[in-house]
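Please consult the sequence and the model shown here.

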Amino acid sequence: MRGNKYNVIIIGSGLAAFATAARLCELGIRGVAIYAKSYGATPYVAAINFVLPENKYGDTPERYFEDMMRAGYEINNERLVKEMTANTLRGYELLRRWDIEFAKEKDGSIKLRHLSGHTNPRSLCCTTELIGAQIIRKMVKKMDNNGVEFHFGCECVKVLTENGRVYGITVKEDDGSLYNVYSPTIVAAWGGAGNLFGKSTYPPDVKGNTLAIAWEAGAKLVDIEFLEYEPMVVISPKGAVGEPCPTAMLGEGAYLLNSEGERFMLKVRPQGEAGSPKTLINREIWKQVENGKGSPHGGVFVDLRHISPEVLKTYPWFYNRLMENGVDPNRELIEVGPMAHSFSGGIYVNEDYESTIEGFYAVGEACGGVHGACRCAGNAASQATLSGLLCAESIAKKNNETALREFPVDYSEDRSIFEKYVPQVRELAVNVLGIYRKGMDLERALGILTELSDKNEVKKDTETHQIVVSILLMVRAALLRKESRGTHMRIDYPDMKEEFAKEIII
């Protein structure tokens with residue numbers, strides 16, 4: 001409803017938003033509203049990492065912490081990582097209280113899969129459907145019954161701030177109508193870089209212009225040079241393009257092959273593909289393609305033929321999509337390659353998940369610092385759950401009662417400007433912010449984007465201007481990191497340098 005005032009406004013309706021709202025409900029916080037276009041990436045959540053007390057691998061929160069720091073090349077925010085891994089069981093318990101169920105082994109124990117970047121199997125799953133489908137089906141209904149207001153078919157186009165504190169947001173509905181809603185507490189749960197990069201695994205409602213929205217509101221950003229590329233995304237056949245082949249398949253015994261049938265990963269990882277960091281897989285796939293040993297569509301092959309159909313069918317979203325497009329993974333190789341997938345950077349937050357703007361919080365992929373230079377596979381959903389839980393508890397403790405004030409609606413729209421400029425800046429982003437980057441290309445892009453961001457014509461369409469600024473900010477961060485670390489690989493600075501063993505804050 002227009003002009004409403006709430007105790008808490010959450011922007012986004014994915015797992016991070018749901019975990020925040022669910023915990024607020026449990027803590028007795030009322031007047032919570034969720035504003036979102038749709039469900040973001042949550043419908044596609046296939047795995048969530050938690051360390052459970054009773055596991056046959058001897059896994060511990062401390063080991064999980066070490067894995068995250070190692071995967072992040074030691075530049076993660078250590079406080080955030082410690083807090084997240086120490087509370088992993090509480091995240092699991094939160095989802096169980098909200099009726100989320102996980103697959104079990106025949107002996108009744110929780111089924112755990114081994115994903116890339118993890119020392120131990122610690123990935124919980126569902127073998128009959130995607131966990132995300134269950135989360136939406138069960139949690140939305142239960143939150144609605146607990147008084148959470150849902151506003152779908154709309155997006156946040158501006159965060160309203162003044163003198164270092166937040167007052168509300170400007171909302172744009174699908175029909176183009178604009179209005180402000182107010183709250184002393186705003187939680188950004190709007191996802192990451194999204195469709196700034198054209199072809200990606202992102203859902204269409206995660207636009208990525210939110211980087212600029214946060215920055216223009218006065219929030220600091222961190223680690224935004226680290227764009228994650230999912231290494232094993234289907235690139236053929238056409239109907240299955242964009243479907244990630246789970247890295248858990250490597251733990252099930254899958255092989256990666258080049259066009260000559262070689263298991264090329266064994267040259268750099270003799271122990272096998274299972275548990276390989278995504279950065280290593282991406283790098284080695286790129287090398288195969290560069291050396292003329294790639295697949296016909298510019299990737300490599302994943303070999304699942306020796307894995308039993310019963311195991312493959314426990315990944316129904318992946319198996320069914322292949323079969324529906326005429327590909328039997330038990331009979332033929334699948335072409336896969338890297339594709340823009342998720343974002344390690346975002347809004348800079350403290351241990352309460354509050355940004356540098358008072359009352360403005362960020363959770364899930366909207367916040368940076370947790371993953372550092374690269375995240376462990378499956379950790380996006382874990383971070384979403386745990387950051388939401390911890391953020392909600394911080395909000396409840398603060399009990400913000402700041403007096404609100406009203407703002408004019410400030411937004412411009414001209415679709416012709418969007419159509420004129422956005423395709424070209426997205427192509428620019430793909431070209432200069434890919435797996436490998438060059439300083440000369442980044443400098444050239446910075447000049448183009450700076451000129452566009454200052455152009456009055458571009459400012460006549462707010463969304464176009466936000467997209468330009470978001471990409472510009474990522475380019476700035478990529479230029480500042482004059483080394484190769486994690487998912488950020490500079491051809492002109494191929495080595496990792498001690499002086500850059502730190503966060504870069506914009």
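The points below cover the basis of the model, the chain as a whole, the sheet and the helix.

The model is predicted: local features need pLDDT of at least 70, side-chain atom pairs count only at pLDDT 80 or more, and totals for chains, interfaces and linings use all residues. Residues are numbered from 1 along each chain as its sequence is written, and side-chain values use heavy atoms, with hydrogens and water left out.

**The chain as a whole**

- The protein chain has 15 helices and 18 strands; these are DSSP runs numbered from the N terminus, helices being H or I of at least four residues and strands E of at least two.
- With a radius of gyration of 22 Å, close to the 23 Å that the globule rule gives for 506 residues, the protein chain is as compact as a globular protein of that length. The radius is taken over C-alpha atoms, and the rule is 2.2 Å times the number of residues to the power 0.38.
- Its C-alpha atoms fill a box of roughly 65 × 55 × 45 Å along the principal axes.
- Of the 506 residues, 61% count as buried, meaning under 20% relative accessible area with a 1.4 Å probe, protein chains only.
- Among contacts (heavy atoms within 4.5 Å) with a separation of 6 or more, 72% join residues 24 or more positions apart.

**The sheet**

- An open antiparallel sheet is formed by four strands in the order β11-β14-β13-β12, where pairing requires that DSSP finds at least two bridges between two strands.
- β11 (227–236) and β12 (255–257) are the edge strands; each has a single partner strand, so one side of each lacks a neighbour in the sheet.
- From one strand to the next, the twist averages 45°; axes are lines fitted to C-alpha atoms, for helices over the stretch in contact, and angles run from 0 to 180 degrees between N-to-C directions.
- Seven bridges join β11 to β14 (residues 334–343) in the antiparallel sense, and V234 stands opposite V336 in β14.

**Helix α8**

- Helix α8 (residues 278–290) lies across β11, β12, β13 (300–303) and β14, at about 55° to β11.
- The buried residues of α8 include L280, I281 and I285.
- Those buried residues of α8 pack against β11, α7 (248–251), β12, β13 and β14.
- After α8 comes G292, with a positive phi near 75°.

Key:
Buried < 20%, exposed > 50% of the residue type's maximum accessible area, 1.4 Å probe, protein only.
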